[in-house]
Amino acid sequence: MKPENDAPSYDETEREIASRLFTLHYDDLARLARGRRRRSNAADTMMTEDILHESFLKLGQEKSWRNEKHFLCAASLAIRHVIVDYARRKLTTKRQHDR
């Protein structure tokens with residue numbers, strides 16, 4: 001039976017690996033997210049922890065990583081996507097209110 005939300009199904013080992021890697025590199029990822037947040041327009045309304053948690057959810061779309069470097073690159077890209085998606089939503093809202 002296919003899951004209703006079309007999310008990939010992970011076994012317990014894969015979930016543990018993702019969680020362990022995220023926890024192991026949390027400080028580095030937080031520093032990266034904080035820096036990117038400050039350079040974007042999200043600095044005033046989006047918190048670093050929110051960016052990290054959303055990026056962790058985005059990382060769930062990746063089935064597995066070849067090594068830690070691959071994981072860190074994927075996490076960095078997920079952080080960027082979270083910030084860009086937020087900026088797009090904010091701009092769309094602003095455009096709708098300007099009409």
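Biologist: What does the secondary structure of the protein chain come to?

Modeller: The predicted chain has four helices and zero strands. Along the sequence, the pattern reads α-α-α-α.

Biologist: How does one describe two packed helices?

Modeller: Two packed helices are described by the angle between their axes and by the distance between those axes. Here, take helix α1, residues 12-24, and helix α3, residues 48-59. They pack at an angle of about 150°, and their axes lie 11 Å apart.

Biologist: Is α1 roughly parallel or roughly antiparallel to α3?

Modeller: Angles over 145 degrees count as roughly antiparallel, so α1 is roughly antiparallel to α3.

Biologist: Is the crossing of α1 and α3 left-handed or right-handed?

Modeller: The crossing of these two helices is right-handed.

Biologist: Which residues make the contact?

Modeller: On α1, the contact is made by A18, S19 and F22. On α3, L52, S55, F56 and L59 take part.

Biologist: How many of the residues in the contact of α1 with α3 are nonpolar, polar and charged?

Modeller: By class, that contact has five nonpolar and two polar residues, with no charged ones.

Biologist: And for the protein chain as a whole, what share of the residues count as buried?

Modeller: Of its 99 residues, 28% count as buried. The accessible surface of the chain comes to about 7,500 Å², and 51% of that belongs to carbon and sulfur atoms.

Biologist: What share of contacts between residues at least 6 apart in sequence join residues at least 24 apart?

Modeller: In this chain, 67% of those contacts do.

Definitions and conventions
Residues are numbered from 1 along each chain as its sequence is written. This is a predicted model: local features need pLDDT of at least 70, side-chain atom pairs count only at pLDDT 80 or more; totals for chains, interfaces and linings use all residues. Side-chain values use heavy atoms; hydrogens and water are left out. Axes are lines fitted to C-alpha atoms, for helices over the stretch in contact, and angles run from 0 to 180 degrees between N-to-C directions. Angles under 35 degrees count as roughly parallel, over 145 as roughly antiparallel, 65 to 115 as roughly perpendicular and the rest as oblique. A crossing is left-handed if the near helix is turned anticlockwise from the far one by less than a right angle, and right-handed if clockwise. Contact means heavy atoms within 4.5 Å. Ala, Val, Leu, Ile, Met, Phe, Trp, Tyr, Cys and Pro count as nonpolar, Asp, Glu, Lys and Arg as charged, and the others, Gly among them, as polar. Buried means under 20% relative accessible area, exposed over 50%, partly exposed in between (1.4 Å probe, protein chains only). Accessible areas come from the Shrake-Rupley method with a 1.4 Å probe; for residues, only the protein chains shown count as cover.
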